[in-house]
Amino acid sequence: MSPTKKIVIVGGGFAGLNLAKKLANHNEYKVTLVDKNNYHFFPPLLYQVSTAFIEASNISYPFRRMFQGKDNLTFYMGGLINVDPANNTIDTENGSLAYDYLVLAMGTETNFFGMENVKEKALPMKTIDDALHMRNHVLLRLEEAVRTTNIRDQERLGNVVIAGGGPTGVELAGMLAEMGTNIVSKDYPSVKKGQGRIYLIDSGDTLLGPMSKKSQEEAYEVLSRLGVNILLGTSVKDYVDDKVIFGNGETINSATLIWATGVIARAVSGLPAEVVGRGRRILVDQFNKLQNSENIFVIGDQSMQLTDEKFPNGHPQLAQVAIQQGKLLARNLLKMQKGAPLKAFHYHDKGSMAIIAKYKAVVDLPRAFFKGFFAWIVWLFIHIIPIAGFRNKGKLAFNWFWSFVTNDPTLRLIIRPQKEAKED
């Protein structure tokens, strides 16, 4: 019997977690999942945490809880510092680990395109911490608006600029518009309607750029009816003193700039420069193996695979790609242990969807399109099913439906660590 091989997976997102789960109880491998957080979370619903619609615990689940009863899976908390391919080790914030096989699945981080003021002051939407900080920020600005009698200050505090017209930006705009109509008027009656506006900005000529024209038109129409000001062909150039500055020189006074545009793969120290491609994505072969390596793999948003004939410029950075790559790599690692031939990765596009507002969504399938309430129901269940933990699914479904029916979720709590409290 061959000795047990050590697999270290860095990153517990969709790619890394699906890989680990598929290797569970295959004792020919000892699997260690490394992540700087002790939980997996579900990014498609982050915006609902940020708008005080659902709890962060509804979309997150501890790794150690998931790994209970799976003897060959362990969790190691720590952020990656460096990879040492020559010695088959990695260095983390909390120590070093040796591996026989290394899998990098760290995903992406927000790309501010070198704009330091935007990086410092804008609100990104990539992590649970980001979502909770945004919730606090929006609620604190409303509290400020209540206290001031200056109309211009009320407008500045009430204005929200969202940069990025992709699914995240569209979903945030719709949710904030609904929040303004159904919640702000009840909680903050002294803040007059119209003194704060929502602006959705995109440098392209459509919303939901990667989706179908029907989805793009529906998003534009629904958000416009909700009162969202949509500015296309417009890009943010700077953000100074609560003033969003656009490339054409125009400005909007706003105490809230939400950055929902642009991502870049997380950097990995220790890899040769020639394996890093566009957007800092790491070049891999058809099996997601690092170029010129026999035991390092890269999956998910961090990987750049150019061998799939349908995606010659690399796969889209979507959850489904990450999930499919994680599952296939698990099967290939098991094949490697048996000396069997590996299967090349080919992305199966199952379609895409986006929620726009209450009871309004769009769904693009390879051969069909639908919108409205039915699409909204499909979106809901497609997004609840993958969430880890049965208890989370049931709790989330109940809370979600109740909040939508009553138009009055009760999560508008400003809860901050002391460090953040001093900043605000």
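**Entry 1**

I started with strand 24 and strand 25, which form a hairpin with two residues between them. This is a predicted model, so I read every value here as computed. Strand 24 covers residues 360–365 and strand 25 covers residues 368–371; they run antiparallel and four bridges join them. A reminder to myself: strands of a sheet pair through backbone hydrogen bonds, either parallel or antiparallel.

**Entry 2**

Next I looked up strand 15 (residues 236–240) and strand 16 (residues 243–246), which are antiparallel and joined by four bridges. They make a hairpin with two residues between them, and D241 in the turn has a positive phi of about 50 degrees. Which residue of strand 16 is the bridge partner of D238? I found I245 there.

I then followed strand 16 onward to strand 17 (residues 251–253), and that pairing is antiparallel over three bridges. I245 turns up again, with T251 as its bridge partner in strand 17. Strand 16 and strand 17 form a hairpin too, with four residues between them. In that turn G249 has a positive phi, about 95 degrees.

I also checked the faces of strand 16. In a regular strand the side chains alternate between the two faces of the sheet. Here V244 and F246 make up the covered face, while K243 and I245 are on the uncovered one.

Then I moved to an open sheet of five strands, with parallel pairing and the order 5-2-1-9-21. Which strands are at the edges? I noted strand 5 (73–77) and strand 21 (296–298), each pairing on one side only. On average, neighbouring strands of this sheet are turned by 20 degrees against each other, direction ignored.

Inside the sheet I looked at strand 1 (residues 5–10) and strand 9 (residues 101–104), a parallel pair over four bridges. I7 has Y101 of strand 9 as its bridge partner.

Two helices pack on this sheet. Helix 1 (residues 14–23) touches strand 1, strand 2 (29–35), strand 5 and strand 9, and its direction makes about 155 degrees with that of strand 1. Helix 9 (residues 319–338) touches strand 1, strand 2, strand 9 and strand 21; its direction makes about 145 degrees with that of strand 2.

**Entry 1: helix 1 against helix 9**

I wanted to see how these two helices meet. They pack at an angle of about 35 degrees, with their axes 7 Å apart. The crossing is right-handed. From helix 1 the contact is made by F14, A15, N18, L19, K22 and L23; on the side of helix 9, A322, G326, K327 and L333 are among the residues involved. By class I get eleven nonpolar, two polar and two charged residues in this contact.

Is helix 1 mostly covered or uncovered? I found it mostly covered, with eight of its ten residues buried. Among the buried ones are G16, L17 and A20, along with N18. After helix 1 comes N25, whose phi is positive, near 70 degrees.

In soluble globular proteins, nonpolar side chains tend to be buried together. The largest nonpolar core in this model has 84 residues, and I7, L19, L23, I162, L223, I258 and L333 have the most contacts inside it. Helix 7 (residues 167–187) gives the most to this core, with nine residues.

I followed up on L333. Setting aside neighbours within four places in sequence, L333 is in contact with I7, L19, L23, Y29, Y101 and F297. Another core lies apart from the largest one; it has 19 residues, including Y76, Y99, L271 and L290.

L80 lies in strand 6 (residues 80–84). Its contacts, leaving aside neighbours within four places in sequence, are V10, I90, D91, T92, L104, M106 and V268. I also checked L80 against A267: 187 residues apart in sequence, they are 9.6 Å apart in space, C-alpha to C-alpha.

**Entry 2: the whole chain**

Last, I noted the totals. The protein chain has twelve helices and 25 strands. Of its 424 residues, 50% are buried. Among contacts with a separation of 6 or more, 65% are between residues 24 or more positions apart.

Key:
Residues numbered from 1 in each chain as written. Predicted model: local features only at pLDDT ≥ 70, side-chain atom pairs only at ≥ 80, totals over all residues. Heavy atoms only, no water. Pairing = 2+ DSSP bridges. Axes fitted to C-alpha atoms, helices over the stretch in contact; angles between N-to-C directions. Contact = heavy atoms within 4.5 Å. Core = buried A, V, L, I, M, F, W, Y, C linked by side-chain atoms within 4.5 Å. Buried < 20%, exposed > 50% of the residue type's maximum accessible area, 1.4 Å probe, protein only. Left-handed = near helix turned anticlockwise from the far one by under 90°. Nonpolar A, V, L, I, M, F, W, Y, C, P; charged D, E, K, R; others polar.
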